[in-house]
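I opened the model today to look up its surface, its overall build and a handful of residues. My notes follow in the order in which I looked things up.

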Amino acid sequence: MSVEPLEKRPVIAGLRALLGKRLSTGATACAHHGKDASYHPAHAPEAVAFPENGEEVRAIVRLCADHGTPMVPFGLGTSLEGHIAALHGGVCIDVSRMNRIVRVNADDMDACVEAGVTRKQLNRHLRDTGLFFPIDPGADATIGGMAATRASGTNAVRYGTMREAVLGLTVILADGRMIRTARRARKSSAGYDLTRLFVGSEGTLGVITEVTLRLHGIPEAMSSAVCAFDNLEGAVNTVIMTIQCGVPVARIELLDRHTMIVVNAYSGLDHTEAPTLFFEFHGSAASVAEQAKAVEEIAAESGGQGFQWAVRQEDRNRLWQARHDAYFATLALRPGAQGFPTDVCVPISRLAECIGETQEDLAASNIVAPLVGHVGDGNFHVIFLIDPENASEVAEAKRLNERLVARAILADGTCTGEHGVGYGKLDFLPMEHGEAVDVMCQIKRSLDPDNLMNPGKVVRI
């Protein structure tokens, strides 16, 4: 049986007529767009479309829908659970050329951007306005991708996640309709909250083309602090007391003892090799000093030692270097190995228990896996170092990950605090949400009856 050449398929021919050279069917481009930053196996699309505005996205979606062709939205490919793998082939819609900052409303402290704008690009544009966008997932991800995966990061304890940052979206639905989910008002009681439905939907319900964001004033002053602890419990108790006392800390990061050892070696630092908390405070010069002093006293009561804090940027950078270098220091432990990062999130009162049991699992395994966490909101990460070609190592990492997720859910937590579901954590959703997964499937079928929008992610249809 003869197979119709790709370029002669009606959907490809239609896209070629629409986009010209901005449609690629080359093996290199397709391979690049089928792999994210995770260990999950790559699945390349058959073609990659590069629209330059929302109307082109709309035309692409209509063409694909007419021909029953799956679609996978793509920002920069920095996701960690296989979100952009084209499990069923089809067309990848790369929005990176949609990178216009549509408007900034400085008086209202909000901005509207196209989906391909990156967070660093937005903050450079905002520099002279006295405003900034605080959500920092680490990578310079696109705003559309961050909204689609409900991203957060180190600043979430003070500024929240993309759930709080997104005021409204423009979305192209599976049938080609373009909808705007909300106006710019800071609150509304009008109808279903469609914005929250699409934030975190991972491209399974529609393609995000524009995002309206909440902005914040650049702090007058910032200070940073580092403190080591005799044990993990002391560090976590300090986090709990800091939150309960209402200290408006901007970041609280945890590195376990093993991670501090490898970071010292990698970066030439001399931090105490013990569980360590890294803090950042935002506010006026007086308030950040007050916050640092309050946390120092709280830490001392829980076994904190060598509390250091700094205000000058170069000194703050020095204190934070260990946290910034943690991932690369981890990879350097085993040259040639690949990182298998995973995350969970639990109520902070269960954090010490969950991390402690996880460390016991890791100690009993032959897998090297340092641990870091955004502990101010109960979120922590384990980075398994594995040889992806070694089946027994992959199986062991998956076993440890399954135990970690089960432990978090048993603690009334979640299988992922910020990495998202993709297809990597799809099987954990029934454990966490039970029959609510059926409701998610009903929503998916209602908005995407032919299962063309990023199929195989979040829910199984």
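I began with the accessible surface of the protein chain, which comes to about 19,700 Å², with 50% of it belonging to carbon and sulfur atoms; such areas come from the Shrake-Rupley method with a 1.4 Å probe, and for residues only the protein chains shown count as cover. I note that this is a predicted model, in which local features need pLDDT of at least 70 and side-chain atom pairs count only at pLDDT 80 or more, while totals for chains, interfaces and linings use all residues. Residues are numbered from 1 along each chain as its sequence is written, and side-chain values use heavy atoms, with hydrogens and water left out.

Overall build. I looked up the secondary structure and found 17 helices and 18 strands in the protein chain, where helices (H or I, at least four residues) and strands (E, at least two) are DSSP runs numbered from the N terminus. The radius of gyration of the protein chain is 23 Å, which agrees with the value near 23 Å for a compact globule because the chain has 461 residues; this radius is taken over C-alpha atoms, and the globule rule is 2.2 Å times the number of residues to the power 0.38. Of the 461 residues, 54% count as buried, meaning under 20% relative accessible area, with exposed over 50% and partly exposed in between (1.4 Å probe, protein chains only). Among contacts (heavy atoms within 4.5 Å) between residues at least 6 apart in sequence, 71% join residues at least 24 apart.

Helix H10. I listed the buried residues of helix H10 (residues 257–267) as Thr259, Met260, Val262, Val263, Asn264 and Ser267. These pack against strands S13 (249–255), S14 (276–283) and S17 (371–374), and against helices H12 (313–324) and H13 (326–332). After H10 comes Gly268, whose phi is positive, near 65°.

Ser38. Is this residue buried or exposed? Ser38 counts as buried because its relative accessibility is 1%, and I place Ser38 in the loop between helix H2 (27–32) and strand S2 (47–49). A polar atom of the Ser38 side chain lies 3.2 Å from the backbone nitrogen of His40. Leaving aside neighbours within four places in sequence, Ser38 is in contact with Ser79, Leu80, Glu81, Gly82 and Gln338.

Asp110 is in strand S6 (residues 110–114) and, at 1% relative accessibility, counts as buried. The Asp110 side chain makes a polar contact with the side chain of Asn105 at 2.5 Å; such a contact is a pair of N or O atoms within 3.5 Å, where within protein one must be able to donate a hydrogen and the other to accept it, and residues adjacent in sequence count only if both atoms are side-chain atoms. Beyond neighbours within four places in sequence, the contacts of Asp110 include Arg184 and Arg186. Met109 sits in the loop between strand S5 (101–105) and S6, is partly exposed at 32% relative accessible area, and has a positive phi near 55° in a residue other than glycine.

Cys345. I found Cys345 in strand S16 (residues 338–345), where Cys345 counts as buried at 17% relative accessibility. Leaving aside neighbours within four places in sequence, its contacts include Asp377, Asn379 and Thr414.
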